[in-house]
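Trainee: Please take one part of this model and examine it closely. I would like a single connected account, with the criteria behind each term.

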Protein chains: 2
Amino acid sequence: MKLQPTGLRELAVTLLERRNAPTESARLQADLLIEAELRGLPSHGLQRLPLILSRLDKGLADARARGSGIWRRQAFLSMDGERGLGPVVVLNAMRIMRSILGETGIAVAAIRNANHIGMLAYYAEAAARDGLIGIVMSTSEALVHPFGGTEAMLGTNPLAIGIPSGDRPFVLDLATSVVSMGKINNHALRDMPIPEGWAVDGEGRPTTDPHAAKAGAIAPFGGAKGYGLGLAIELLVAALAGSDFAPDVHGTLDDTHPANKGDLLVLIDPAGASGTLGPLAAYLDRLRLSRPVNPASPVTVPGDGARARRAATAEAGIDLPQPLYEHLMALEAA
Amino acid sequence: MKLQPTGLRELAVTLLERRNAPTESARLQADLLIEAELRGLPSHGLQRLPLILSRLDKGLADARARGSGIWRRQAFLSMDGERGLGPVVVLNAMRIMRSILGETGIAVAAIRNANHIGMLAYYAEAAARDGLIGIVMSTSEALVHPFGGTEAMLGTNPLAIGIPSGDRPFVLDLATSVVSMGKINNHALRDMPIPEGWAVDGEGRPTTDPHAAKAGAIAPFGGAKGYGLGLAIELLVAALAGSDFAPDVHGTLDDTHPANKGDLLVLIDPAGASGTLGPLAAYLDRLRLSRPVNPASPVTVPGDGARARRAATAEAGIDLPQPLYEHLMALEAA
């Protein structure tokens, strides 16, 4: 069923406010989920809301917490998320970082003890729209096997990079796995085989059975290189945030454990650069106009696809699965 | 023919000193080339030396320059390479950055007008051995096509990340292309077909002919994700260093143009972190001991392979192609 974003956002805000979220925090968490729906990323959309609410009910998340930061060094912020909602803590860290960015030109925030921060593009784009370069990474439960390995040892460790470029900022947001566990779950729900190369089963054998894959591990994207990048994110986050490594991480997919993964933000103020951002937009347009493989599918730049999907969905409404809608309605009536 | 690294290093030093390189700079440039040979990366080894010498002879590179830095912001160093040798300028930038790192915890240097900086792992590992996290990226001539495109619009845009971890630091060094142009040149020399998916020809058609590929473009690694990462590096470097975009870049493969690509360094002092590096080495060992695809090939961590190859080559000697050896001998006799 197609629903208007406004009504769904208000529903999410109401459910969060009932669990002691200050209005501003409730709006922020709700907005993140709606933005994911609008951009065609339902795995990071409203289907996450029941788990968030359950974690609030059980005290594993604290809707009032905003996280508290300590400047370990002048441009190095160490942030205790205090079990706060992920987006609330991240946006608070970004606010604190901006206070010194004019002076230092670059700053890093290492966050532990915050709940799931959701779609990373949200923060990278917020930075870019503020005229800043934003780099965001996050760790998670062990779902991905090393290149040449067969055991789930790494998180899906996403990376987002936002770079200002007029009204069409560059916004990259990628998981370092070849596919998300959400997509494998989706195949499992519909009993559809998954493509070869996506996953191994619990015994480490390649599989096209999505049910077997759920007990196994997902491949890193891009072979040894994607594995290296995912592992770099695992190490950077844990080393700087003091968070746990994937095999010991809990709390982003369950409502039984505190969230002990970590998140890392780097902000750079390009106003301090000798370069200017002007030629950047022109180069991106050259890319978009370069010869495509398929004349009907022009070359795109990270951010373009999400913007197009967002515009279409904002017009047509969010297509929410009936069971999820009913679940949310039941939560509202409770 | 197998040659001892010491003799080859001295040969390179002599050739560079004859072109006015101060001893320290000559040793640094020579060491970088020898280290690439030792790690099994001949494309970044001594075969680069004749071009470096020719660029020095023609005034496109200045062996005396070390680059001059301006602190645009407290932790943002803008570096004019002054046509210096790449490694000399990068190591000078790292030295300057370290002077404020204890205070700020993180610093960035954006470098333009430096010559080719060679194997990025060299710098990332140097940082890690100093107890620092080092992130290095670089741009280059247009060799790579966008995902969904067929024209060479991006550099091979390598990324290196070094993270301290006892005597076996994590050292990732990857080009964002599926393969290096050096490897395609190598296939062309031997008239061997290249695998499908590596490259397109000058008309944008997929090709397995290495000669046709040289006139075309290389694919990004890992599909849309690798393209996004390579493009992010292209934009970050150009935006912060004020260097040119790939289609306009010259000077790392020719001896006719100044080098107008850019390089970016980020250093982070993890001593400011709430995390500690201790658990990191233990986690990496868990990875190495995790179940491999092939029992005869244990899981490795970025840096392991290079260390193993380095040890073997240091023992057995560097296997230099006869024509390259004769070329270097002729240069010495000149």
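Mentor: In strand 4 of chain B, B:Ala109 is the bridge partner of B:Leu77. Strands here are DSSP runs of E with at least two residues, and helices are runs of H or I with at least four, both numbered from the N terminus. This is a predicted model, in which local features need pLDDT of at least 70 and side-chain atom pairs count only at pLDDT 80 or more, while totals for chains, interfaces and linings use all residues. Residues are numbered from 1 along each chain as its sequence is written, chains are lettered from A and ligands numbered from 1 in the order in which they are written, and side-chain values use heavy atoms, with hydrogens and water left out.

Strand 3 (residues 76-80) and strand 4 (residues 106-112) of chain B run parallel and are joined by five bridges; two strands count as paired if DSSP finds at least two bridges between them. Both belong to an open sheet of seven strands in chain B, ordered 2-3-4-11-5-6-7, with mixed pairing. Strand 2 (68-73) and strand 7 of chain B stand at the edges with a single partner strand each, so one side of each lacks a neighbour in the sheet. On average, neighbouring strands of this sheet are turned by 15° against each other, direction ignored.

B:Leu159 stands opposite B:Leu174 in strand 7 of chain B. The hairpin of these two strands of chain B has six residues between them, and there B:Gly166 takes a positive phi near 60°. Four of the five residues of strand 7 (residues 170-174) of chain B are buried, that is, under 20% relative accessible area with a 1.4 Å probe, protein chains only; exposed is over 50% and partly exposed lies in between.

Helix 8 (residues 223-241) of chain B lies across strand 3, strand 4, strand 5 (133-138), strand 6 and strand 11 (262-268) of chain B. This helix runs at about 95° to strand 11 of chain B; axes are lines fitted to C-alpha atoms, for helices over the stretch in contact, and angles run from 0 to 180 degrees between N-to-C directions. Contact means heavy atoms within 4.5 Å.

By that contact criterion, 80 residues of chain B touch 80 residues of chain A.
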